[in-house]
Amino acid sequence: MSKPKVALYWAAACGGCDVAVLDTNEKILDIANLVDIVLWPIALDFKYHHIEAMEDGAIDLCLFNGAIRNSEQEKIAKLLRAKSKVMVAFGSCACFGGIPALGNLTNRAEIFERVYVEAQSDDNPNKTYPQTSTKVSEGELELPELYDTVSTLAQVVDVEYFLPGCPPPVDLILKLVDLYATGKLPPPGAVVASEKTCCDECDRVKEEKKITKIWRPHEIIPDPKKCLLEQGIICCGPATRAGCGMRCVKANMPCRGCFGPPAGVTDQGAKLVSAIASIYQADSEAEIAKMLEEIVDPAGTFYRFGLADSMLKRKRMQTTQGRV
Ligand code: SF4
Ligand code: SF4
Ligand code: SF4
């Protein structure tokens, strides 16, 4: 009997999600024995035309990590969708846009200006920018078009399952493989994690305390037994889906929200703003202004992993493409 065909792909990603697959250690050998890997750009030398030559639906499972931020990534997402029976948004970038989606606070023109003209190491007086097509003596060279707006995978193609995490933890990767191998996958649309919030699973003492100052993690050494938010450190636990094993909080660091919003919450940032507002003691406009001053990088704090998936999606500004 032929083995199930599996594709792994990375789009706008850092490579950490692929490394997380390798972090399954010796279990990767079991996985490799169970399945036939047909695409894995970070590890194996398959070409896109190998995938294009397949029948639609020929791939059984596609683990797609990374957000969509250029035309090549969109094209391959659509190709893999057509060829795959089951599409999994693998990791926070694919699920919610992730760190790359913080690029939605700007646009392509500003990014090109910063990267190719203003950066301290640039020497580009004629302002030469990357072109999607360039003629050279050997022929025509093509580059993907960079989009103004970063999208989640599900904003571009239909997705059956979501495996969050930056990167997804090994136990959840193995759980997904096991659910698949045993034919026990949940109904499409499911998130392979917990239905609870990180706060629900946190064993730190909560005292219903108000706070009057926000601290950045490096400014104080928090009590390892008490709620970080009640010590004035912004912890995304109230607005984040559980399932990671509380990796950061157990290391005395605040949750940064990489598992995305919990069940029933559509906007993780708005939920976190509401949680902080309910705990911060401010009796005057001056005190509210002080609190806002203390939150360094509000967009990066409230939408670190989920800007593309949020109700805001991006900053309103002039863009060159109709993808806002
Ligand atoms: S989810 Fe995290 S680990 Fe995975 S590609 Fe994105 S930034 Fe990297
Ligand atoms: S805010 Fe953070 S530290 Fe406090 S209970 Fe929730 S997860 Fe735990
Ligand atoms: S504690 Fe929060 S940021 Fe850390 S791994 Fe878990 S969900 Fe992600």
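In what order do the 5 strands of the open sheet lie, and is the pairing parallel or antiparallel? The order is 2-1-3-5-9, and the pairing is parallel.

Before you select anything, note the ground rules. This is a predicted model: local features need pLDDT of at least 70, side-chain atom pairs count only at pLDDT 80 or more, and totals for chains, interfaces and linings use all residues. Residues are numbered from 1 along each chain as its sequence is written, chains are lettered from A and ligands numbered from 1 in the order in which they are written, and side-chain values use heavy atoms, with hydrogens and water left out.

**Stop 1: the open sheet**

Strands pair if DSSP finds at least two bridges between them. Strands (E, at least two residues) and helices (H or I, at least four) are DSSP runs, numbered from the N terminus.

Now select residues 5–10 and 59–65. These are strand 1 and strand 3, paired in the parallel sense over 5 bridges. Pick Trp10: its bridge partner in strand 3 is Asn65.

**Stop 2: a hairpin**

Go to residues 133–136 and 139–142. Strand 6 and strand 7 run antiparallel here, joined by 4 bridges. The hairpin passes from strand 6 to strand 7 through 2 residues. Ser133 has Glu142 as its bridge partner. Thr134 stands opposite Leu141.

**Stop 3: ligand 1**

Select ligand 1 and its shell (residues with a heavy atom within 4 Å). Around ligand 1 are Ala13, Cys14, Gly16, Cys17, Ser92, Cys93, Gly165, Cys166 and Pro167. Helix 1 (16–22) and helix 5 (92–96) are the elements that give two or more residues. The shell holds 6 nonpolar, 3 polar and no charged residues. Ala, Val, Leu, Ile, Met, Phe, Trp, Tyr, Cys and Pro count as nonpolar, Asp, Glu, Lys and Arg as charged, and the others, Gly among them, as polar.

**Stop 4: ligand 3**

Which residues surround ligand 3? Select Thr240, Cys244, Arg247, Cys248, Cys255, Arg256, Gly257, Cys258 and Phe259. This shell divides into 5 nonpolar, 2 polar and 2 charged residues.

**Stop 5: the cavities**

How many cavities of 30 Å³ or more does the structure hold? There are 3. A cavity is a set of points, on a 1 Å grid over the protein atoms alone, where a 1.4 Å probe fits but cannot get out; lining residues have an atom within 4 Å of a point. Grid points are joined across faces, edges and corners, and a volume is the space filled by probe spheres set on the points.

The largest cavity holds about 90 Å³ of space. Of its 13 lining residues, Cys199, Cys202, Cys227, Leu228 and Cys235 are the closest to its centre. The lining has 10 nonpolar, 1 polar and 2 charged residues.

Finish at the second largest cavity, with a volume of about 50 Å³. Its lining includes Phe96, Pro261, Tyr303 and Asp309. That lining divides into 3 nonpolar, 5 polar and 2 charged residues.

Terms used. 1 Å grid on protein atoms, 1.4 Å probe; cavity = no way out; pocket = protein on both sides within 12 Å on 5 of 7 lines; lining within 4 Å.
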